[in-house]
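Hi,

Here is the structure I promised to pass on. Have a look at it first, and then read my notes below.

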Amino acid sequence: MGQQQVNQIEAGHVFVEYVRDAMVTNRRMARSMNVKVYSQRNETFRVTETIGRRPGIPPRSYGVDLRNRRCDCRRFQTLHYPCTHVVAACAKVSLNMDQFIDEVYTLERKLRVWENEFPVLPNLSTWEVPPTTFELVPDKGLRRNPNGRPQSSRICNEMDIREKSDGKLCGVCRLPGYNRNKCPLRNYHIGQSSRSDRN
């Protein structure tokens with residue numbers, strides 16, 4: 001990786017390939033934008049997108065502040081290299097946009113990451129591992145009970161108090177004391193349903 005950065009520096013490049021490709025795309029998109037200079041002294045602009053919008057939707061405009069390195073689209077502040085709107089503003093007043101690319105994207109900075117050489121690691125079987133002087137004991141109080149339904153640890157209030165009921169009701173006659181299998185009206189309902197099916 002270090003040699004790759006050296007090769008790119010020797011080829012005359014300053015910034016990493018990712019940023020170079022992004023700037024080519026931003027330059028191409030910036031050609032279709034209208035730029036209005038608000039204050040050349042304060043380096044503020046209003047950039048309006050003219051293409052790529054759906055019909056019936058007005059074009060978006062973005063404020064650009066080169067002095068404070070800000071754009072309303074927030075890509076300039078987030079990525080630390082010029083967005084499309086900043087590129088358009090720089091082209092309007094013939095500014096070199098490379099000055100707004102953060103130095104973290106330079107090849108020299110990236111080369112510092114890879115200039116140190118890593119030593120060859122010895123075989124795993126030759127590693128010296130110091131013996132442990134303590135024993136790890138799990139806290140049994142923190143274990144979940146595998147049996148039964150999990151108990152809620154939420155603190156209940158008046159919203160959680162259920163209204164008292166007479167227990168489960170029968171699914172047929174809606175009376176307490178038995179279920180639909182033992183309901184005295186079960187046969188009557190079954191007969192009614194079978195007659196209605198015949199009709």
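How much accessible surface does the protein have, and what share of it belongs to carbon and sulfur atoms? The accessible surface comes to about 16900 Å², and 50% of that belongs to carbon and sulfur atoms. Areas like this come from the Shrake-Rupley method with a 1.4 Å probe, and for residues only the protein chains shown count as cover.

Before you go on: this is a predicted model, where local features need pLDDT of at least 70, side-chain atom pairs count only at pLDDT 80 or more, and totals for chains, interfaces and linings use all residues. Residues are numbered from 1 along each chain as its sequence is written, and side-chain values use heavy atoms, with hydrogens and water left out.

Now the overall layout. The protein has six helices and four strands (DSSP runs numbered from the N terminus: H or I of at least four residues for helices, E of at least two for strands). Along the sequence they follow the pattern α-α-β-β-β-β-α-α-α-α. Of the 199 residues, 23% count as buried (buried is under 20% relative accessible area, exposed is over 50%, partly exposed is in between, with a 1.4 Å probe and protein chains only).

The four strands form an open sheet in the order S1-S2-S3-S4, with antiparallel pairing (two strands pair if DSSP finds at least two bridges between them). S1 and strand S4 (70-71) are at the edges with a single partner strand each, so one side of each has no neighbour in the sheet. S2 and S3 pair over five bridges, and threonine 44 has aspartate 65 in S3 as its bridge partner.

Next, the inside. The largest nonpolar core has 29 residues, and Val19, Val64, Cys71 and Val86 have the most contacts inside it. (A nonpolar core is a set of buried Ala, Val, Leu, Ile, Met, Phe, Trp, Tyr and Cys residues joined through side-chain atoms within 4.5 Å.) Helix H2 (17-30), strand S1 (33-39), strand S2 (44-49), strand S3 (61-65) and helix H4 (84-92) each supply at least two of its residues. H4 gives the largest share, five residues. Not counting residues up to four places away in sequence, valine 86 touches Val64, Leu66, Cys71 and Phe76 (contact means heavy atoms within 4.5 Å).

Phenylalanine 118 lies in the loop between helix H5 (107-114) and helix H6 (186-198), and counts as exposed because its relative accessibility is 69%.

Two loop residues are worth a click. Glutamate 43, in the loop between S1 and S2, has a positive phi near 60° although it is not glycine. Histidine 80, in the loop between helix H3 (75-79) and H4, also has a positive phi, near 65°. Glutamate 43 is partly exposed at 23% relative accessible area, and histidine 80 is partly exposed at 42%.

Last one: arginine 186, in helix H6. Its C-alpha atom is 9.6 Å from that of glycine 171, which is 15 residues away along the chain.

Cheers
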